[in-house]
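Welcome! Take a moment to look over the chain below, and then let us walk through it together.

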Amino acid sequence: MLTFLGVSMVLVFTYLIMSKRLSPINALTLVPIVFALIGGFGSKIGDMMFEGIKVVAPSAALLLFAILFFGVLIDAGMFDPMIKQMLKIVKGDPVKIAIGTAILASTVALDGDGTTTYMITISAMLPLYLRLGMNPLVLATISLLSLSIMSGMTPWGGPATRAITSLGLDASEFFIPLLPTLFGGILCVLFTAYFLGRMERKRIGVINIEYTPENVTDLPEVAAAYDMSVDLKRPKLLWINLLLTLTIMVVLVMGIMPVPVLFLVGFVLASMINYPNLEQQKERILSHAGNALTVVTLVFAAGIFTGIFSGTKMVDAIANSLVSIIPDSLGSFFPLVVAVTSMPFTFVLSNDAYYFGVLPILAEAASAYGVDPVEIARASVLGQPVHFLSPLVASTLLLVGMVKTDIGELQRYAFKWSVLCSIGVIIFAIITGAISLF
């Protein structure tokens, strides 16, 4: 009963947001409430929702202060030199811009943090896309795939960390054999970027442009996305802003303080350094309040969804049902089964639910066939390109907000590329021996 209820809830939710019958916020909130009532959990709904909100509260705080932090730096023009240099290299060629996006996003994603990756990549590249008339969904897709590979496989990224922790593995034993697969994943992203860039080049051609404040802002949508007013720029503070950003990144990687607190401190310092006038600080906060409020609201709505999904034990029921239907004849192919099923599993479940709830069950089942748990852990991260399309991923909600679209639109556009990228890394993992078939 719970399995049927959980699967039905996910299907109804996905249909409603992809068909635009409901907004993501409304669907994330109302759909689980309705299905919880159908399942007879009416008296516990409030507690489950509150537990879910408590779980996502740190992520909401992180996104709020990260948006404000990078928003101030964008206003101050910290990324303008990067945009200027990028334009000199790509010279208005959509293919070069798409590949440059993949390289930039993959490099920034080395720290494993989705919020940082999207804030920097989208801030630097979106004006170029809009200036040339390129589809912002191309930018979103490439950024998402780059992050899914780097964050998904590196031991300091969220998915791999959870897999290693839940199965009690050694990080180097997990990661070193996976390195060739990671490089293969980067090649998949670059190939996707090249293909999407060629599609855009065929559609709009190559446009020769030079960087000036005037021609970057001659499109209304650019000016609306980023306030490029000259009086907001702080070119003399470029190196100070860069030093502040690098310091924040170093502290982030070292884990010296909680990430939400870190970005709060970074935002305070950035606003004081660049806009010491209190009225200016207030204006900068208000200019980014709309984007911040939308993203944070989505995160809390996702918390309600996951709180009910977990609290009703629908997650456990779905996991146990799927494990039980795997035929014994597939036992020797168990790592491949885990790799393939990680795509739908991680799409409908949060990483915490999958890696701490489902993965131990899969590893235990695999042990009956003589499969090493470390292979199951490696296989479990190969579906991350699909996972990052889930509306339950907080950073993805930030991504769609930054490119001014909605989660359903991104899913429709990027789904096939995410699946192809996942299949590609699975093939690389098999060829390089990261996971075995027999």
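Among contacts in the protein chain (heavy atoms within 4.5 Å) between residues at least 6 apart in sequence, 81% join residues at least 24 apart. This is a predicted model, in which local features need pLDDT of at least 70, side-chain atom pairs count only at pLDDT 80 or more, and totals for chains, interfaces and linings use all residues. Residues are numbered from 1 along each chain as its sequence is written, and side-chain values use heavy atoms, with hydrogens and water left out.

The protein chain has 22 helices and 0 strands; helices (H or I, at least four residues) and strands (E, at least two) are DSSP runs, numbered from the N terminus. Of its 438 residues, 55% count as buried. Here buried means under 20% relative accessible area, exposed over 50%, and partly exposed in between (1.4 Å probe, protein chains only).

**Aromatic pairs**

How many aromatic pairs does a search of the whole structure find? There are 4. Rings of Phe, Tyr and Trp (its six-membered ring) pair if their centres lie within 6.5 Å; planes under 30 degrees apart count as stacked, over 60 as edge-to-face and the rest as tilted. Two of the pairs are set out here:

| Pair | Centre to centre | Angle between planes | Type |
|---|---|---|---|
| Phe-69 and Phe-263 | 5.8 Å | 65 degrees | edge-to-face |
| Phe-305 and Phe-309 | 5.7 Å | 55 degrees | tilted |

Phe-69 lies in helix 3 (residues 45-76) and Phe-263 in helix 14 (residues 259-274), so this pair ties together parts that are 194 residues apart in sequence. Both Phe-69 and Phe-263 are buried. Phe-305 and Phe-309, in contrast, sit 4 residues apart in helix 15 (residues 278-311), separated by about one helical turn. Phe-305 is buried at 2% relative accessibility, and Phe-309 is buried at 3%. Elsewhere, ring pairs link Phe-191, Phe-195 and Trp-417 into a cluster.

In helix 19 (residues 373-380), 7 of the 8 residues are buried, including Glu-375 and Arg-378. Asp-372 caps the N-terminal end of this helix, with a side-chain oxygen 3.0 Å from the backbone nitrogen of Val-374.

Is Ser-395 buried or exposed? Its relative accessibility is 10%, so Ser-395 counts as buried. Ser-395 belongs to helix 21 (residues 394-402), and its contacts beyond four places in sequence include Gly-114, Tyr-118 and Phe-388.

Gly-133 is found in the loop between helix 6 (114-132) and helix 7 (136-153) and is partly exposed at 36%. Beyond its neighbours within four places in sequence, Gly-133 touches Glu-200, Arg-203 and Ile-204.

How values were computed: A polar contact is a pair of N or O atoms within 3.5 Å; within protein, one must be able to donate a hydrogen and the other to accept it, and residues adjacent in sequence count only if both atoms are side-chain atoms.
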